[in-house]
Amino acid sequence: MPKFLGRKPRAYNPRVPHMSALLAGKKVPPIPDSIHYASHMPANFGMMLNDTLGCCTCAAYYHARQVWTFNSATAEDTSPDTDVLALYEGACGYRPDNPTTDGGGVEQNVLGYLLNSGAPVAGSLVDKILAFVEVDPRNVDDVKRTIFDCGVAYIGFNVPESILPPNGDTPAVWTVDPQHSANQGGHAVVLCGYDGDGADVISWGRQYKMTWEFFRTFTDEVYAIADRSWVEASGSSPAGLSLQDLEAQMQAFRARS
């Protein structure tokens, strides 16, 4: 697997709450036709070590944090590579003195670590997520609602060779190319906006566009993440749950993680 990938096959943990169950029977307000949370952010999001390590599951979290802090505090907080490395060590078992441990990570395991142990920020601080909820990737409306309500959707997909050309020049728009669809490995990214054509993607230090056909073809896991700064600033959360409800949804997961 190329170093700039690193998502292991998805896990199936019944303790993770599911968006479809949380929304069942609820009348939810409409969402806008488009939203682009990163449209005014600096173009360079930083590689977050994902050019030398298979740490995309951790890099994606720190890209999410850039979006949350920019939109909730109007000041983007970009963590140093040392924080990304520390999270990769803690959540995925990487050891810098043993290259064989650079095997990537499972998204649900990383999210569980972010919930219970938290991510290092600014060297000595720790930032814990409030909750995470699984979203059915076949339900694009729920994916759009996740982006709108949570600032980002944290996703995992199988990377086709069409977006990893030999010259390394990843196309700005990711489309389905049947001639170059062979799976090159798993990758974790965040979606930070959407419209009728597709979703905005942050990966490998910059922003791309993923068509909805591409999303449906290659994505096999999606999560809504509740970040405290985002929830408090926007009043929005996964499935519209209160802080107390989010905590309740995570109790079983915390108790046995």
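1. Contact here means heavy atoms within 4.5 Å. On that criterion, and not counting residues up to four places away in sequence, Leu191 touches Val143, Ile147, Gly151, Val152, Ala153, Ile155, Ala199, Asp200, Val201, Met210 and Phe215. The model is a predicted one: local features need pLDDT of at least 70, side-chain atom pairs count only at pLDDT 80 or more, and totals for chains, interfaces and linings use all residues. Residues are numbered from 1 along each chain as its sequence is written, and side-chain values use heavy atoms, with hydrogens and water left out.

2. Nonpolar core. The term covers a set of buried Ala, Val, Leu, Ile, Met, Phe, Trp, Tyr and Cys residues joined through side-chain atoms within 4.5 Å; buried is under 20% relative accessible area, exposed over 50%, and partly exposed in between, with a 1.4 Å probe and protein chains only. The largest nonpolar core has 80 residues, and those touching the most other members are Phe132, Ile155, Phe157, Trp174, Leu191, Met210 and Phe215. Helix α2 (residues 56-73) provides the largest share of this core, nine residues. Helices (H or I, at least four residues) and strands (E, at least two) are DSSP runs, numbered from the N terminus. In soluble globular proteins, nonpolar side chains tend to be buried together.

3. Helix α5. Nine of the eleven residues of α5 (residues 140-150) are buried, so the helix is largely enclosed by the rest of the structure. The buried set is Val140, Asp142, Val143, Lys144, Arg145, Thr146, Ile147, Asp149 and Cys150. Gly151 follows α5 and has a positive phi, near 90 degrees.

4. Val152. This residue sits in the loop between α5 and β5. Val152 counts as buried because its relative accessibility is 0%. Leaving aside neighbours within four places in sequence, Val152 is in contact with Ala64, Val67, Trp68, Thr146, Ile147, Val190, Leu191 and Cys192. Ala38 is 114 residues from Val152 in sequence, with a C-alpha to C-alpha distance of 9.8 Å.

5. Aromatic pairs. Rings of Phe, Tyr and Trp (its six-membered ring) pair if their centres lie within 6.5 Å; planes under 30 degrees apart are stacked, over 60 edge-to-face, and the rest tilted. The count by this rule is 16 aromatic pairs. One of them, Tyr61 with Trp68, is edge-to-face, at 6.2 Å centre to centre and 65 degrees between the planes. Both Tyr61 and Trp68 are buried. Phe157 and Trp174 make a tilted pair, because their ring centres are 5.9 Å apart and their planes are at 40 degrees. Phe157 is in strand β5 (residues 153-160) and Trp174 in strand β6 (residues 173-174), so this pair ties together parts that are 17 residues apart in sequence. Phe157 and Trp174 are both buried. One aromatic cluster is formed by Phe4, Phe157, Trp174, Trp204, Tyr208, Phe214 and Phe218.

6. Cavity. On a 1 Å grid over the protein atoms alone, a cavity is a set of points where a 1.4 Å probe fits but cannot get out, and lining residues have an atom within 4 Å of a point. Grid points are joined across faces, edges and corners, and a volume is the space filled by probe spheres set on the points. The structure holds one cavity of 30 Å³ or more; the largest cavity contains about 40 Å³ of space. Its lining consists of Asn50, Cys56, Ala59, Ala60, His63, His187, Ala188, Val189, Ile202, Ser203 and Trp204. At least two lining residues come from each of α2, β7 (183-194) and β8 (198-203), and α2 gives the most, with four.

7. Leu49 is not a glycine, yet its phi is positive, about 70 degrees. Leu49 lies in the loop between β1 (35-36) and α2, and at 16% relative accessibility Leu49 counts as buried. Ala239 also has a positive phi, near 60 degrees. Ala239 is in the loop between α7 (228-234) and α8 (243-256), and counts as buried at 10% relative accessibility.

8. Ala75. This residue is in the loop between α2 and α3 (81-92). Ala75 counts as partly exposed, because its relative accessibility is 45%. Leaving aside neighbours within four places in sequence, Ala75 is in contact with Thr69 and Phe70. Gly103 is 28 residues from Ala75 along the chain, and their C-alpha atoms are separated by 33 Å.

Methods. On a 1 Å grid over the protein atoms alone, a cavity is a set of points where a 1.4 Å probe fits but cannot get out, and a pocket is an open set with protein on both sides within 12 Å along at least five of seven lines; lining residues have an atom within 4 Å of a point.
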